Amino acid sequence: MPASAVRIRDLRKTFGAVEAVAGVDLDIADGEFFSMLGPSGSGKTTVLRMIAGFERPTAGTIELGGRDVTGLAPFDRDVNTVFQDYALFPHLDVLRNVEYGLKVRRVPRAKRRERALEALRSVRLDGMGARRPAELSGGQRQRVALARALVNEPKVLLLDEPLGALDLKLREEMQVELKAIQRRAGITFVFVTHDQEEALTLSDRVAVLDRGRIEQVGTPAEVYERPATAFVAGFVGTSNRIGGVCVRPEKIDVDTEPGAAPADADQHGAEPRGTGSGDRHAMGTVAEVVYAGAATRFVVDLESGERVVALQQNLRTSSMDVMRHRGARVRISWHSAHEFHVPDARS
């Protein structure tokens, strides 16, 4: 069986009395896009820095490609790191920025120029080599940072919140770009983020961390559809607890006229009310309606005393159509197949 690209066993890190990482075990496959997801203080960045060699573990081991690198300096590890601030040299043009690591390693000039130009092509920055970082957009600077890391052909590329400084639209564009770059390069990516949607969008697998421990490791679908703990259920998306089970908001259908037979859109093209097709039902009152353009969130107070959130796509409605349901009596429904159970939160 081939060695994992990254293998971590019982990894721990304390800062004084604070245990930042509390016994982490991980196996990351060669060529995998693997994300570590968690809130601030969860330990994800500390784990990344220990893989890179910037922090020394208090205990535990780190292997890269089957080689124990726990005690090695960063430059002795076959990894590169991309940071949120890009760390480009402002006085060097793009091409020399990308060449820099090869120059330090004394790669001959012609060879490093060839590899740098290829790296720029791989991130779609052909013809940009003569520009300075200040002349580039945020997304272009991010791609230069990626090219500078990829040109060294590391076995593992570590990315510490690399898209955090970008605005939402550019961030979404770069998510698509980053996944495409990873597939072309075939390099193992270990990606740190606090953004749940970003982790689900990019990753082959996700590790969700909280308070220095791994709560769950799985594919994006496994983590979202079948969260292993109460923390994962609450942190990755939104979950409603109804009568001892949990249901995601988009799985809940809202029937805004519970006394009438379900129907599709009326002749004026208004949004169809909920069809009530699920095999689970509950009655309640709409406490709030939040119109968000593409979708509407209904906050419903159930007769049982529980409050749930339902997410409905706005296929044909306007804000005026949905706002009139505030205070309305409704029936919600969902399918039992979409229910999941999670243990009570740990103390």
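Analyst: The lining of the largest pocket divides into 15 nonpolar, 4 polar and 5 charged residues (Ala, Val, Leu, Ile, Met, Phe, Trp, Tyr, Cys and Pro count as nonpolar, Asp, Glu, Lys and Arg as charged, the others, Gly among them, as polar). This is a predicted model, where local features need pLDDT of at least 70 and side-chain atom pairs 80 or more, while totals for chains, interfaces and linings use all residues. Residues are numbered from 1 along each chain, and side-chain values use heavy atoms, without hydrogens and water.

User: Which elements supply at least two residues of that lining?

Analyst: Strand E6 (79–82), helix H2 (94–104) and helix H4 (138–150) each do, and E6 gives the most, with 4 residues. Helices (H or I, at least four residues) and strands (E, at least two) are DSSP runs, numbered from the N terminus.

User: OK, new topic: in what order do the strands of the open sheet come?

Analyst: Its 5 strands follow the order E13-E17-E14-E15-E16, with antiparallel pairing, where two strands pair if DSSP finds at least two bridges between them.

User: And which strands stand at the edges?

Analyst: Those are E13 (253–255) and E16 (307–313), and each has a single partner strand, so one side of each is left without a neighbour in the sheet.

User: How many bridges join E14 to E15?

Analyst: There are 7 bridges between strand E14 (residues 280–291) and strand E15 (residues 295–302), which run antiparallel. As for individual residues, Val286 stands opposite Val300 in E15.
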